[in-house]
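Have the viewer open while you read.

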Amino acid sequence: MTDDYLSRIGNLIRDARKHRGWTQTQLAEQLNTSQSAVNRIEKGHQNLTLEMLARIGEALDSEIVSLGGGPVHLRVVGGRPLSGSIDVKSSKNAGVALLCASLLNKGRTTLRKVARIEEVNRLLEVLNSIGVRTTWLNDAGDLEIVPPAQLDLAAMDAAAARRTRSIIMFLGPLLHREDTFQLPYAGGCDLGTRTVEPHMAALRPFGLDVKATGGEYHAMVNRAVTPGKPIVLTERGDTVTENAIMAAARYDGVTVIRNASSNYMVQDLCFYLDLLGVKIDGIGTTTLTVHGLRDIDVDVDYAPSEDPIEAMSLLTAAIVTGSEVTIRRAPVEFLEIELALLEEMGLDYSRSEEYLAENGRTRLVDLVTRPSRLHAPIDKIHPMPFPGLNIDNLPFFAVIAASATGQTLIHDWVYENRAIYLTDLNKLGGRVKLLDPHRVMVEGPTHWSGAEIMCPPALRPAVVTLIAMMAAKGTSVLRSVYVINRGYEDLATRLNSLGAQIETFRDI
């Protein structure tokens, strides 16, 4: 948008706000932003996406600035090399876990640089609906969370809850606050049947019993039941481990959790709980010993670490576009297997000396990629629990393998359906053969060409498709990209800062 156009829109927004009788602060509260951001918008000093304009129009009930509520699409002009530097944002999965964990604390929680993504927005809507006060403190994404003395679970925003899989992580915190409660079925990515039974197995030792009927989980807690032996998780899942840890955090005793995930979001949760006074032994291992507290009432300030999956997304975009890009603040501890595999495939890159994230615990590096001639790896690529290759990073290797010479077998043994979505790369010129619902064979190198595609319903395959479009000659369209906005903050804008040409638009 031109400066003149921004000024005209700013004047319209200011007039609509005043007509409604609102202050800039009141409008900022409706938009989950700051008064200073609204002031910049009204002065024409702030770039605006169509999504933000639509949100402003809805808040002000003004057709002047409303562009409708239809789905958001991306138009991509591909074949452009990237250059420059970009910072990795804070972890999406850590952020949502910490929002759920804030329910354990009667005091104020301040989280620093929280990713402003749709998954976070949905959780904030749920928290606000049950009486939790949440306030964005500034443009940096600092978020203050103040729980009420008593939650109003009957008023829960069910529509918002159904749009996030993270709602399942309310079970662990709520079982210590309520004897009975209901939660809507968890939603989120369409990745096949992901049973909640591992969660139930982890939480039954704390007296939780859940019946699933009528589109809701009906939970009852028997206070006489306590963990009498170590809890052995049947699935080393991230959210399952987080639920077990949160349940143990408010249990007045010592809980041993075996076969626990030691992944990045689990470690961030443990670091946060440490600030609350909950001692946890074995952080970063598969056996955790949690020394719980019956009551937690502490004002805490915590900065979740950077997101290794976003770092891998940016790294992949640089690789497939043959670009030299500096990716700053990459959490190397959770990327070491991926980087080792990329080295084996021929990636030319360098890394800085390690330094610590703002949480004082997570190791970061700056990565510099250079144009490289890649070849297929000798063995298949498959995920493993941390410290293996991250399951969420596996789809990125499909588009990387398509840019390499040779055949690569990718085996996604965790999800029944996600590998299927990788065949969307064929619409852009890829040669991806589906062997079964878990395995694809990718043959490269690929001569990418533009196409119009409906966005896959799973987050990482959706971003993989976007990255392939960035490498493709010509113009591509990716339709209905809500799933990307669920997990990434301003991804298109940030890629454009490196030289990509991605336009957000709606059908008006």
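Is E125 buried, partly exposed or exposed? E125 comes out as partly exposed, at 32% relative accessibility. On this scale, buried is under 20% relative accessible area, exposed is over 50% and partly exposed is in between, using a 1.4 Å probe and protein chains only.

## What you're looking at

This is a predicted model, so local features need pLDDT of at least 70 and side-chain atom pairs count only at pLDDT 80 or more, while totals for chains, interfaces and linings use all residues. Residues are numbered from 1 along each chain as its sequence is written, and side-chain values use heavy atoms, with hydrogens and water left out.

The chain splits into domain 1 (1–60), domain 2 (72–89 + 306–506) and domain 3 (92–302). Those bounds come from an automatic or database domain assignment. Between the centres of domain 1 and domain 2, taken over C-alpha atoms, there are 34 Å.

## Charge pairs

Side chains of opposite charge can pair when their charged atoms come close. Here a salt bridge is a side-chain nitrogen of Lys or Arg within 4 Å of a carboxyl oxygen of Asp or Glu. By that rule, the count is 30 salt bridges.

One of them pairs R17 with E42, at 2.5 Å from N to O. R17 sits in helix α1 (residues 3–20) and E42 in helix α3 (residues 35–42), so this pair ties together parts that are 25 residues apart in sequence. Helices (H or I, at least four residues) and strands (E, at least two) are DSSP runs, numbered from the N terminus. R17 is buried at 7% relative accessible area, and E42 is buried too, at 7%.

## A helix with its own bridges

Now for helix α6 (residues 118–129), where R122 and E118 both lie, four residues apart, or about one turn of the helix. Their salt bridge has its closest N and O atoms 2.6 Å apart. R122 also bridges to E125, with 2.8 Å between the closest N and O atoms. E125 and R122 are three residues apart in α6, again about one turn. An α-helix has 3.6 residues a turn, so residues three or four places apart point the same way.

Elsewhere, salt bridges that share partners join R108, R133, E144 and D299 into one network.

Helix α10 (residues 238–249) has 12 residues and spans 16 Å from its first C-alpha to its last, close to the 16 Å expected at 1.5 Å a residue. The expected span is 1.5 Å times one less than the number of residues. In α10, 10 of the 12 residues are buried, so the helix is largely enclosed by the rest of the structure. Among the buried ones are V240, E242, N243, I245 and M246.

Two packed helices are described by the angle between their axes and the distance between the axes. How do α12 and α16 pack, and at what angle? Helix α12 (residues 308–320) and helix α16 (residues 459–471) pack at about 25 degrees, with their axes 9 Å apart. That makes α12 roughly parallel to α16. Axes are lines fitted to C-alpha atoms, for helices over the stretch in contact, and angles run from 0 to 180 degrees between N-to-C directions. Under 35 degrees counts as roughly parallel, over 145 as roughly antiparallel, 65 to 115 as roughly perpendicular and the rest as oblique. The crossing of α12 and α16 is right-handed, a label used if the near helix is turned clockwise from the far one by less than a right angle, with anticlockwise giving left-handed.

Most residues other than glycine have a negative phi, and most peptide bonds are trans. The bond from F386 to P387 is cis, with omega near 15 degrees, and P387 is in the loop between β17 (363–370) and α14 (396–402). Another cis bond joins G444 and P445, with omega about 5 degrees. P445 is in the loop between β20 (439–444) and β21 (452–454).

On the phi side, N32 has a positive value near 55 degrees. N32 is in the loop between α2 (24–31) and α3 and is partly exposed at 24%. K113 also has a positive phi, near 55 degrees. K113 belongs to the loop between β3 (109–111) and α6, and is partly exposed at 43%.
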